[in-house]
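Take a walk through this structure, one contact at a time. Keep the sequence and the model side by side as you read.

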Amino acid sequence: MAITLKINGENTKIDAAPGTPLLWVLRDHLKMTGPKFGCGVGQCGACTVHFNGTPVRSCQLPHDEVGDAEITTIEGKEGKAANAIREAWIAADVPQCGYCQSGQIMAATALLEDNPKPSDDDIDTAMTGNICRCATYMSIRRAIKDAAKTLA
Amino acid sequence: MLPRFLSPDTADYAATLSIPPLSRRGFVKASGAFALGITLIGRMRAEAAGSPLKEVAGGDATPSLWIAIEPDGTVKITCHRSEMGQQVWTSMAQIVADELEANWEKVEIVQALGHPKYGDQNTDGSRSVRYNFHRLRVAGAAMRTMLETAAAAHWGTTLANCKADQNYVLRPSTGDRLSFGELAAAAGKLEIPAEADVNLKSRDQWRYIGKEIPSLTVPLIVRGQGTFGIDVDRPGMVHAVVAHPPQVFGSVGSVDDAAALAVPGVMQTVQLPTPEAPPLFQPLGGVAVVAMDTWAAIQGRKALNITWQDGPNAGHDSDSYRELLQENTRNPGAVELDRGDTLTALSNAPNKLTAEYYVPNLAHSPMEPVHATAEWDGDTLECWACVQDPQSTRGVLAGFFGIDPDNIKVNATWLGGAFGRKSKPDFVVEAAFIAREVGKPVKVTWTREDDLQHGYYHAVSAQRLEAALDDDGNCRALLHRTAFPSIGSTFNAAADQGAGFELALGASDNPFEVPNLRLEVGKAPPHLRIGWLRSVCNIQPAFAVQSFADAMAHAAGRDPKDYLRDLIGSARIIDPNTEGATYPNYDASLEDYPIETGRLTHVLDKVAKMAKWGRSLPKGHGLGIAVHRAFLSYIATVIEVKVTNDGQLSIPGIWLAMDAGTVVNPRHARAQMEGGTIYGLSNALYGEITAKNGAVVQQNFPDWRLMRMSEAPRAFEVEIIDSTSRPAGIGEPATPPAAPALTNAIFAATGKRIRSLPILGPTGETLNLES
Ligand code: FES
Ligand code: FES
């Protein structure tokens, strides 16, 4: 049954089997491949999108339970915090392979939107759900702080 | 709509794959319009008359193979290696663009198809820069010379009066200049110069090599752009996942797919052929579920009702296998290296020290599990996949399907991490097989469960070290026994022990200046697919030998760093071949890349200084040190740990000194040092793949655990030794010293010696501090 979801500010019609997680709707149906598949069990954060501004695991969210919430993916995420994060990411070359990074950026952006001056401990708490096998953690921590400075 | 991923042989590939001039301004979508005016410098000439640069050291340096300059001055550089986060797009481009005198803002990357014309494309072994440094410099310099020659002809002057400079050729005496874009067509008609007529820049003229040039991929990544294996889309494409047999060489007894076919979106199932030994890069067999989307395929797989037939590995169990390996190191093995008379020295020794070490099987677990898309058109096949070697993938496909390689195109996408897993193209063959059965383009997704349960694992190993110590605690003799299933067993069913090429990774090149040294290897029959994982067999000897050095220092009552330095001894060059070993030296000559013990002690001294080795530490803190040569680079690591009374472990700081010869991009080299170290630490702390009844037990991240942000060190300092030596490996060599530096630090902090990995395991929260 087709339903309509609000994704990156646009009403988007979706015709997927009931219960299909948002991740696969985004990737396979809407060809929005920014959110990645890393585990499918809510453990890695590669699939992170914003649900009314809050980072969620799209692999764990049935698309037919989204309702009228606003979904934002890396492709559509804009705003001061997002841009500061992107610039800091580019300035420091944070990503290695990049596969986890859309999730990292969505998590880091939500952190800064919520807390413009995060401490190391705040960063650990906000970011520890996002695994990076390339281990860009040290760069991520530095870049979040750099981004925070530009927002100050 | 354009297909999302096009090959360089497709007319408008530039529209999707090339990257815009790199600036901090952000991403601008490249226009496909200029593709019409493309000028491939020298290509016609090179192909008609032959190129004098076909056999430059490292391979073909014919400029047209690597560089195309368009009328608008865009410089397209072909990258024949796979981008997996090591920033090979950037490093290859830095080398070419520097010698070419290209303006960096004009550089775009074209990802090469797999083809023998590029020479080696196997992006593993930490050797992209090492293999290609010289020939890409020659290619860039040759094209620069042709552009200068074309300008000289235009102005009616001599070559000496023309000088390439940032996408222009200048004539300083008159102030005239012509752009590369204006000169491209004329330059393309010129003879390609011979290597002797090409002037490479001197080091002090380098603009890009050795500089912190920003990544060419990052501006795309931060927008969720770029195409990984999982992101490939083709018109009419369907999705598949495969239920693989639980054991290697297990097979499908019977299958009832009625419930699977009833899942909405599921289209059909396909039974795959059961492979025969050895594993090679054959698909594992099983049953594929083909569906409209990935989720439906996964649900369909769950609904399959398969009775599996046990294969020859059914009895394999990690617990009993560990005992077998340990037993095989308690008895003499085949001698791989023999110096002096170790056995006599050991039996006469006043003091002896013995220790046993264990490292389990490990899984690569790149964040992107393997993915491949295959599309047939009659007898021709095109694949898009996250492969480390598109060229060998093409060969494997040709062999499997019995078709001419010229009828196969393999596109390497970006790789979401690889670490050795993606140089085994079994998953691409799987996709091609299913696509042929289905008659549509098929993308095969490996879930995390597939990735962990059906990999090519890093070999489990047992090791035993015995030392004869004199009255001052100095090591007079060292016996090192090791047993691990060989990578060779993946290619040869009869291979039942570690081979010389594997022992040459950190075991037979033991740098200790001890009068008696003996390396023996014991039997280890294979039961899983064994592969190479970041730093390969260096992992186990570095852990054992560097841990044992620390233990010997403790037995001697000496400082571990000083003791380790004395073990390495004088600055000299060693050659394991002279002591019975087979030593390929990472496929480099020992003349070009000798084993220099002085470089080991240099990084050791350097890192000790960085970490302020010997400083007084708070209670519960300890420093551990390790040094290792791998992939022709020399790395020393110091780790500081903090262990609370109840065994909570954290890592406040890491210091690392690296001598990798000439470094093309220090910023990205530092990232590899951090990443390689954490990779080693994560595996050492948590990583363990085990088998029961031949099947891998671990399924997903809850039971295969990786280091997370909150566990990562707050301080990580890397120092790169300034060097004019030839470039050596960067991607892997930081991994081996990480584990022993950590366990040595834990010993320093707690007195607890860890000889068996993992330290904590998937569920462990605290160290068991009882001895
Ligand atoms: S894919 Fe969703 S958390 Fe891993
Ligand atoms: S950058 Fe590769 S997994 Fe994070």
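B:Arg714 forms a salt bridge with A:Asp121. The closest N and O atoms of B:Arg714 and A:Asp121 lie 2.9 Å apart. That distance comes from a predicted model. This pair belongs to the interface of chain B and chain A, where the count of salt bridges is 9.

Which elements of chain B give two or more residues to the side that touches chain A? They are helix 7 (218-221), helix 9 (294-303), helix 14 (448-453) and helix 19 (666-686) of chain B. Helix 19 of chain B gives the most, with 10 residues. Sorted by class, this side of chain B has 31 nonpolar, 19 polar and 13 charged residues.

Now take the interface as a whole. Chain B brings 63 residues to the contact, and chain A brings 54. The size of an interface is often given as the accessible area lost when the parts come together. Between chain B and chain A, about 4,900 Å² is buried. Carbon and sulfur atoms give 57% of that area.

B:Ser365 sits in the loop between strand 13 (351-359) and strand 14 (371-377) of chain B. Is B:Ser365 buried or exposed? B:Ser365 counts as buried because its relative accessible area is 0%, under the 20% cut-off.

The domain assignment gives domain 1 (2-72) and domain 2 (80-151) of chain A. Their centres, taken over C-alpha atoms, are 21 Å apart. In chain A, 15 residues of domain 1 are in contact with 11 residues of domain 2. About 950 Å² is buried between domain 1 and domain 2 of chain A, and carbon and sulfur atoms give 55% of it. How many salt bridges cross between these two domains of chain A? The rule finds 0.

On the domain 1 side of chain A, strand 3 (48-51) and strand 4 (54-57) give two or more residues. Strand 3 of chain A gives the most, with 3 residues. By class, this side of domain 1 has 6 nonpolar, 7 polar and 2 charged residues.

Terms used. Residues are numbered from 1 along each chain as its sequence is written. Chains are lettered from A and ligands numbered from 1 in the order in which they are written. This is a predicted model: local features need pLDDT of at least 70, side-chain atom pairs count only at pLDDT 80 or more; totals for chains, interfaces and linings use all residues. Side-chain values use heavy atoms; hydrogens and water are left out. Domain bounds come from an automatic or database domain assignment. Contact means heavy atoms within 4.5 Å. Buried area is the accessible area (1.4 Å probe) that two parts lose on being put together, summed over both. A salt bridge is a side-chain nitrogen of Lys or Arg within 4 Å of a carboxyl oxygen of Asp or Glu. Helices (H or I, at least four residues) and strands (E, at least two) are DSSP runs, numbered from the N terminus. Ala, Val, Leu, Ile, Met, Phe, Trp, Tyr, Cys and Pro count as nonpolar, Asp, Glu, Lys and Arg as charged, and the others, Gly among them, as polar. Buried means under 20% relative accessible area, exposed over 50%, partly exposed in between (1.4 Å probe, protein chains only).
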